[in-house]
Amino acid sequence: MVQLSRRQFMKVTGSALAGSSLAVMGFSPAVALAEVRQYKLAATTVTRQTCTYCSVGCGILMYSLGDGGKNAKLSVIHVEGDPDHPVNRGTLCPKGASLLDIINSPNRLLKPQYRAPGATEWSDISWDEALDRIARKMKDDRDANFVEKNDKGQTVNRWTTTGMLAASAATSEAGYITHKVARNWGLLAFDNQARV
Ligand code: SF4
């Protein structure tokens, strides 16, 4: 005779009862157990991006829920390293691995802001307004201060009164193009956060 402890007896009779009850209701535990487990990211949209934090510029995959319907709001539910990215090959440091927190942070800045001269508060403005203001200021400054020739009459084409700091969260190719644009304007003061 098989000797069962009280705990073993409860386990055996409990699972037998659960199995028979499910079978009576039309569910077969065997079928349920044989079912292929759904991949939790199967219904998500994947977006390739670059980690926003540092100059290493690791590639990331962002998975978001939402079927693209008008009223369905996409929300990022998972971030992982991009295995096809040449920089990190799927790996992320602890900061990159916690990117979901910055994406969903209530403190994250989502719109351009402007603080008028003398004002103490920042106010939201539209992207159009922000870009128009930046373009206007740059054009006016360049028109007023562009240096075509130096004292010796040599062509220098310099614009020294405006500087530019590019973000590190860009690919090498985007950085290269940004550099070309800045130098075409004649900007001398140009740097990238990747060096910071
Ligand atoms: S994952 Fe880490 S190392 Fe890679 S870019 Fe982000 S912060 Fe830098």
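What follows is a short chat about the chain, its surface and one of its helices.

Visitor: What kind of model is this?
Guide: The model is a predicted one.

Visitor: How many helices and strands are in the protein chain?
Guide: The protein chain has six helices and eight strands. In sequence order they run α-α-β-β-β-α-α-β-β-α-β-β-α-β.

Visitor: What share of the residues counts as buried?
Guide: In this chain of 196 residues, 17% are buried.

Visitor: And the surface, what does it come to?
Guide: The accessible surface of the protein chain is about 15,300 Å². Carbon and sulfur atoms account for 57% of that surface.

Visitor: Which residues make a nonpolar surface patch?
Guide: Tyr176, Ile177, Val181 and Trp185 make one of about 390 Å².

Visitor: Take Ile177. Where is it placed?
Guide: Ile177 sits in helix α6, which covers residues 172-185.

Visitor: Is Ile177 buried or exposed?
Guide: Ile177 counts as exposed because its relative accessibility is 52%, and the cut-off for exposed is over 50%.

Visitor: What about Gly175?
Guide: Gly175 also belongs to helix α6. Its relative accessible area is 25%, so Gly175 is partly exposed.

Visitor: Change of topic: contacts. What share comes from residues 24 or more positions apart?
Guide: Such pairs make up 37% of the protein chain's contacts with a separation of 6 or more.

Methods. Residues numbered from 1 in each chain as written. Predicted model: local features only at pLDDT ≥ 70, side-chain atom pairs only at ≥ 80, totals over all residues. Heavy atoms only, no water. Helix = DSSP H or I, 4+ residues; strand = E, 2+ residues; numbered from the N terminus. Buried < 20%, exposed > 50% of the residue type's maximum accessible area, 1.4 Å probe, protein only. Contact = heavy atoms within 4.5 Å. Areas by Shrake-Rupley, 256 points an atom, 1.4 Å probe, with all protein chains shown as cover. Patch = residues over 30% accessible without salt bridge, like charges linked within 9 Å, V, L, I, M, F, W, Y side chains within 5 Å. Salt bridge = Lys/Arg side-chain N within 4 Å of Asp/Glu carboxyl O.
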